[in-house]
Amino acid sequence: MIGDFIATTGRNRVVPAPVLEMHESELGVQAIIDPYARGDFFLSFGEEGVNLEEGYITFTALPGGIVAKGGKMRSAFGKVNTLHNHVLPWIDRPLVSNNLVGGEDGIDDAGFSVTRILPAPKSLFLEATGQVFRGDASDVFKNSQRRDVSVVGHLRGYGDISESTNLDLGISYARGHNDFGSTFLTNLYGVDATLRYKPLRRAIYKSFVGRGEFIWSQRQQPAGIPCAVGACDSGIAPNFQRAFGFYTSADYQFARRWFVGGRLDRSGRARDARIKDDGTSIVLTYWPSEFAQVRGQYRFTRYGAPFETGAPPGKDDAHELLLQLQFSLGAHGAHPF
Amino acid sequence: MEHTHFRKREIMIITSAWRAAVLVAAILLFPSFAAAKKLNVVTSTTDLAALTQEVGGDKVNVEAIAKGYQDPHFVEAKPSFLLKLKNADLLVSVGLDLEIGWLPPLITQSGNGRIQPGANGYLDASQFAEILEIPQGKVTRAEGDVHPLGNPHYWLDPDNGRRLAKGIAGKLGELDPNDSAYFQQRFADFDKRLSDAEKRWNAEMAPYHGSKVVTYHRSWPNFAKHFGLDVVGYVEPRPGIPPSPSHTIDLINLMKRENVKVMLIEPYFDLRTPNSIASQTGGKVLVMTPSVGGEKGVEDYFKLFDYDLGLLKQAFDSVK
């Protein structure tokens, strides 16, 4: 069981968060089902109720090196979308995740997934993942009829530059129908890169992770009369919307219990790509032990426009301080990588 | 008639050439066929790899995941390890939750049904060893990162090394019955060499029997038991918890009171606190390797004890 308590102060008129919030409590139940499969369930308890974040069976003994999953799961699109809140290197998620990939819930849907390690030159790791989902994922995809399934593909390449340094690259694609109906499609394209450094003799004291993710969204919307930036009905611009967003971040561990990091954000909005939000964050993390974490984050966001319909258009700056207490009970889980 | 004979020879030559070409292509495309079917063994640590190599000889290809100078609790689950695991016939793990933070996801993602827990190619080596420090009663994290099934650093007792080698030889024979006798013969040879080495090691350590030491982490209970050392304290206040000022003061007082002069530190821990303690107690900080490959020249299971015991003798002699 993992608890995630967040306190927020400062000014944010566009996306205000509660001053104190038991943001999420996640219960994980994981076990081997039989000689051929294992099961994983993650239930999240938040202020809005209980949610099955993930619940899937993984077939581990299939021929041909194939690993298959069935159930509800986070899709393999990019990096951040695959991560649960408690393994993020920040308190929040990047603007590009919120604007283009469904935010905290992300592309998390019921479906099937097949992964296989591909043949590659020695010491290069190549892995391909193909997924088919029902087609309901946050505000990204909407299933209006049975055939409105969504698909996700991910190709991962990984190489050890040295025993301490490695590079992880990925390209992703997702396609599904959006909330305007079966004839309106959303396509997402993503590129992610992660550079890790961890000297093995001092692995528990020193590490560096630099990462970046670049996402393009192409969203079909009904044609209509052009409207001013931020003043369209329901915040939706007409016709085909091409939005782009990215984040880059760096995290440095300078002592056994201490980490410092920063993140740069920029993202257009999926429904009106003319609106662009920018952000900067600085993060300081302290680990009392492997099972608890105290994290502070200063976050500056320059919103391109309000989200609410009817709100006056124009940019709005938000300066916020966030404090997070995260703690875990029960069996020792896997370390994130 | 002669024409028919030549024709037959021509056909035979062409057929042989085709067979050779197919064989060469098969060898090039599937090099594992060419390797006379050696067993591919992956171990979680270098110590298990060294023991597997001892009994497997040239009938096995052995690779370890963790390096000997790496904290085995905190290995990263790198995808490059999946390249080793996907073709493994056997995975040997330390068990007792030592690798719980990194090995289970690697096994799941390997796509290799042979090495899944419960399958014939998965071997938890702890089943063969004498396990110490098995917690009695309720275990909570208030006691730190305690391993509820017992202390997993069991390979540091040569008697456990013998038990592990025997168990691994048995498993190799099970997976490759044709070479079972070979593995048993290799084990018998290892057993003899280990017995000889143990006599030497035990004699060398006899003068220091009962000596008091402090260690950083609880890595050495099996080693201490075998060689008659008395571990009276730890630099960590609790397993996995970094040293605190108050605990360090308590430890300094304990070492002064008990006249403890030798501290055993694993190569992956920071030396600042141990050095500070040593400067206040007149003690000696000894960076001992708990694993094969932890220091240059420590290339096999015998050299691991040769190296550590050599350091220990020097240290005890220097603080007499």
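Reader: Which residue does Arg156(A) form a salt bridge with, and how far apart are the closest N and O atoms?
Author: In this predicted model, Arg156(A) forms a salt bridge with Asp168(A), and the closest N and O atoms are 2.6 Å apart. Arg156(A) lies in strand S8 of chain A (residues 150-160) and Asp168(A) in strand S9 of chain A (residues 165-178), so the pair ties together parts that are 12 residues apart in sequence.

Reader: Are Arg156(A) and Asp168(A) buried or exposed?
Author: Both Arg156(A) and Asp168(A) are buried.

Reader: And what meets Asp168(A) in the salt bridge listed at 3.4 Å, N to O?
Author: That partner is Arg196(A), whose side chain meets the side chain of Asp168(A) at 3.4 Å, N to O. This pair links distant parts of the chain, since Asp168(A) sits in strand S9 of chain A while Arg196(A) sits in strand S10 of chain A (residues 181-197), 28 residues apart. Asp168(A) and Arg196(A) are both buried.

Reader: Switching to chain B, where do Lys225(B) and Glu130(B) lie?
Author: Their side chains meet in a salt bridge at 2.7 Å, N to O. Lys225(B) belongs to helix H8 of chain B (residues 221-227), and Glu130(B) to the loop between strand S4 (122-124) and helix H6 (158-175) of chain B, so the pair ties together parts that are 95 residues apart in sequence. Lys225(B) is partly exposed, with a relative accessible area of 49%, and Glu130(B) is partly exposed as well, at 28%.

Reader: Which residues do salt bridges that share partners join into one network?
Author: One such network joins Asp92(A), Arg263(A), Asp265(A), Arg299(A) and Glu320(A). Over all chains, the count comes to 37 salt bridges.

Reader: Pockets next: how much space lies in the second largest pocket?
Author: The second largest pocket holds about 1500 Å³ of space. It is lined by 50 residues, and the closest to its centre are Lys122(A), Glu63(B), Leu83(B), Lys84(B) and Asn87(B).

Reader: Which element gives the most to that lining?
Author: H3(B) gives the most to the lining of the second largest pocket, with five residues. Among the elements that give two or more residues are strand S6 (108-118) of chain A and helix H4 (79-85) of chain B.

Reader: How many of the lining residues are nonpolar, polar and charged?
Author: The lining of the second largest pocket divides into 23 nonpolar, 11 polar and 16 charged residues.

Reader: Last one, how many helices and strands are there in chain B?
Author: Chain B has 11 helices and eight strands, and of its 320 residues 50% count as buried. Chain B exposes about 14400 Å², of which carbon and sulfur atoms supply 56%.

Terms used
Residues numbered from 1 in each chain as written. Chains lettered and ligands numbered in written order. Predicted model: local features only at pLDDT ≥ 70, side-chain atom pairs only at ≥ 80, totals over all residues. Heavy atoms only, no water. 1 Å grid on protein atoms, 1.4 Å probe; cavity = no way out; pocket = protein on both sides within 12 Å on 5 of 7 lines; lining within 4 Å. Points joined across faces, edges and corners; volume = space filled by probe spheres on them. Helix = DSSP H or I, 4+ residues; strand = E, 2+ residues; numbered from the N terminus. Nonpolar A, V, L, I, M, F, W, Y, C, P; charged D, E, K, R; others polar. Buried < 20%, exposed > 50% of the residue type's maximum accessible area, 1.4 Å probe, protein only. Areas by Shrake-Rupley, 256 points an atom, 1.4 Å probe, with all protein chains shown as cover. Salt bridge = Lys/Arg side-chain N within 4 Å of Asp/Glu carboxyl O.
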